Amino acid sequence: MSEPVDWLPDGTPYSPRFGDRYHSENGGLTQARRVFLHGCGLPEAWAGQPQWRILETGFGFGLNFLVTWAAWRADPARPTLLHFVSTEAWPVSAADLLRATSVHPELAPLAQALHDQWWGLLPGVHRLRFDEGRVLLTLYVGDTQAMLRQQSLTVDAIYLDGFSPQRNPESWDLHTLKAVARCCRRGTRLATWTIARAVRDALAQCGFEVTRVPGVPPKRDNLHATYHPRWEPRTTRQSASAATPEPA
Ligand SMILES: C[S@@+](CC[C@H](N)C(=O)[O-])C[C@H]1O[C@@H](n2cnc3c(N)ncnc32)[C@H](O)[C@@H]1O
């Protein structure tokens, strides 16, 4: 069964399970662009690369994915392959997905394309293909920590996007962030909207250099981080330019 969603008077989707909104009240689009896309140095960072791999925790309505895909389409220096990997334990219905995303006219065709492939999302790994396979969306349907522990994955950027750490602590705890760090190469950039002390400390413990940056309203501050452990990570992770594109 799909995850039930409530709709606030301003049109923002709200989770009765977590008692929190899916996007900030200023609109998910600004948050997606400024907190996550720009927060990871995109689109500049992917210019001229053969591929760019992004891991998101918490797919929700896919706004971050759609905004990233739209930026990729608009960029003449885009990587040949955009691979967006996201975790989601409670997928919403296709109708709710379309309702939340199609209110943004610039995203409407992409939202429709996502909606058309949004079915049969049972627990496990699902691969959706867009733009002739040059944009891949891999959905890990299940708990973030459990799913990431089972995968061997290396990414160039990370969007951390659970509900608030008070309401959704398991999305931000040390064990989940360790599973996220396992997916990093040296230099992987991470962005999120929370500057909660516990999250900053856990990221630092996992090998990230953490910086507090001016926030996107309603947040006064946001958080940027780069994976740069003082130790040599056990697995040798490839740099973006050295990596081989994954099969479509
Ligand atoms: C703030 S919303 C994400 C919004 C989304 N990134 C977007 O662009 O629309 C957080 C999401 O994380 C999911 N979530 C919360 N805890 C999770 C967990 N432990 N494992 C996987 N997904 C989780 C929720 O179901 C929700 O969809």
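A: A polar contact is a pair of N or O atoms within 3.5 Å; within protein, one must be able to donate a hydrogen and the other to accept it, and residues adjacent in sequence count only if both atoms are side-chain atoms. This is a predicted model, in which local features need pLDDT of at least 70 and side-chain atom pairs count only at pLDDT 80 or more, while totals for chains, interfaces and linings use all residues. Residues are numbered from 1 along each chain as its sequence is written, and side-chain values use heavy atoms, with hydrogens and water left out.

A polar backbone atom of Phe61 lies 3.0 Å from an oxygen atom of the ligand. For Gly62, a backbone N or O atom is 3.3 Å from a ligand oxygen, and for Asn64 the corresponding distance is 3.0 Å. The protein buries 99% of the 600 Å² that the ligand exposes when taken alone (accessible areas by the Shrake-Rupley method with a 1.4 Å probe; for residues, only the protein chains shown count as cover).

The shell around the ligand holds 23 residues, the closest being His23, Gly58, Glu88, Asp143 and Asp161 (near means that a heavy atom of the residue lies within 4 Å). By class, this shell comprises eight nonpolar, 10 polar and five charged residues (Ala, Val, Leu, Ile, Met, Phe, Trp, Tyr, Cys and Pro count as nonpolar, Asp, Glu, Lys and Arg as charged, and the others, Gly among them, as polar).

A pocket is an open set of points on a 1 Å grid over the protein atoms alone, where a 1.4 Å probe fits, with protein on both sides within 12 Å along at least five of seven lines; lining residues have an atom within 4 Å of a point. The largest pocket contains about 670 Å³ of space (the space filled by probe spheres set on the points, which are joined across faces, edges and corners).

Its lining consists of 45 residues, with Arg21, Tyr22, Asp161, Gly162 and Phe163 nearest the centre. These 45 residues divide into 14 nonpolar, 20 polar and 11 charged. Among the elements that each supply at least two lining residues are helix 1 (28–37), strand 4 (51–57) and helix 2 (63–74) (DSSP runs numbered from the N terminus: helices H or I of at least four residues, strands E of at least two).
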